[in-house]
Each structure stands twice: as C-alpha cells, then as structure tokens.
Amino acid sequence: MAKSTKAFVFFNCDADKSEASMNIFYNRAVYKDTKTSRKNLWKKIREEYGAERIQIASENLPAVENAILEGDPVEAGNYMQFGAIRAFDCY
C-alpha cells in the first residue's frame, strides 16, 4: 500500500467557512495522515470545542471523532461551526 501523501490543517473560521477567514498564520499546525497525527488533530478539536472556539452538537461528537481517527477528517468539518479541516497534498 502506498504511503499517504495527505496532510490536514484545522482552521478556526467564520460561520460561513469562507476561505478568507482561514488564516494559515493563526492555524499553522499540519497533521500528517498517520494514526499519531490524527490523534493529535482530534486532541486539537477537543481543545477548541472545550474552549468554545468551535461549536459541535454533543450528539455529533462521536461522528467527528470517527471521521478524524478512521475516516476523512475533512468530513468532520460538516459537523462544526466556526471550524473546518482542510486536506492538502504533500510531495
């Protein structure tokens, strides 16, 4: 199996998730597509949620966790308000 060439970045953003509100200088941690990095990304999301910088309906937390740890982390953004995860290709 080929090694993944994806990396993920969590962004704090406005309610509309506009690209202009996603600041790479504020959210500069990049998470590789590895088990350890995905766990660190989930930890970051829990911290942002706990600090009330993003909003996630409590019943959606398991879906967010599953998307980040086992599925497509970008999909977790569908359950967040004021937060998004974007995927980037790495070479």
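**Close-up views of a predicted model**

View 1. Leaving aside neighbours within four places in sequence, E48 is in contact with F10, N12, R53 and I54; contact means heavy atoms within 4.5 Å. The structure is a predicted model, in which local features need pLDDT of at least 70, side-chain atom pairs count only at pLDDT 80 or more, and totals for chains, interfaces and linings use all residues. Residues are numbered from 1 along each chain as its sequence is written, and side-chain values use heavy atoms, with hydrogens and water left out. E48 is located in helix 1; helices (H or I, at least four residues) and strands (E, at least two) are DSSP runs numbered from the N terminus. With a relative accessibility of 2%, E48 counts as buried. The accessibility classes are buried under 20% relative accessible area, exposed over 50% and partly exposed in between, for a 1.4 Å probe and protein chains only. The side chains of E48 and N12 are joined by a polar contact of 2.9 Å. A polar contact is a pair of N or O atoms within 3.5 Å; within protein, one must be able to donate a hydrogen and the other to accept it, and residues adjacent in sequence count only if both atoms are side-chain atoms.

**View 2. N27 and its polar contact with N12.** N27 belongs to the loop between strand 1 and strand 2. Its relative accessibility is 5%, and N27 therefore counts as buried. A polar contact of 2.8 Å links the side chain of N27 to the side chain of N12. When neighbours within four places in sequence are set aside, N27 is in contact with V9, F10, F11 and N12.

**View 3. Packing of helix 1 against helix 2.** Helix 1 (residues 35–50) and helix 2 (residues 61–69) have axes that come within 9 Å and cross at roughly 150°. Axes are lines fitted to C-alpha atoms, for helices over the stretch in contact, and angles run from 0 to 180 degrees between N-to-C directions. Helix 1 and helix 2 are therefore roughly antiparallel to each other; angles over 145 degrees count as roughly antiparallel, under 35 as roughly parallel, 65 to 115 as roughly perpendicular and the rest as oblique. On the side of helix 1, the contact is made by R38, K39, L41, W42, I45 and Y49, and on the side of helix 2 by L61, V64, E65, A67, I68 and L69.

**View 4. A15 in the loop between strand 1 and strand 2.** The loop that holds A15 runs between strand 1 (6–12) and strand 2 (31–32). A15 has 43% relative accessibility and so counts as partly exposed. Not counting residues up to four places away in sequence, A15 touches Q81 and F82. From C-alpha to C-alpha, A15 and K43 are 22 Å apart in space and 28 residues apart in sequence.

View 5. E52 is placed in the loop between helix 1 and strand 3 (55–56). A relative accessible area of 69% makes E52 exposed. E52 and S37 are 15 residues apart along the chain, and their C-alpha atoms are separated by 22 Å.

**View 6. C90 in the segment after strand 5.** C90 follows strand 5 (83–89), in the segment after that strand. At 35% relative accessibility, C90 is classed as partly exposed. Leaving aside neighbours within four places in sequence, C90 is in contact with T5, K6 and A7.
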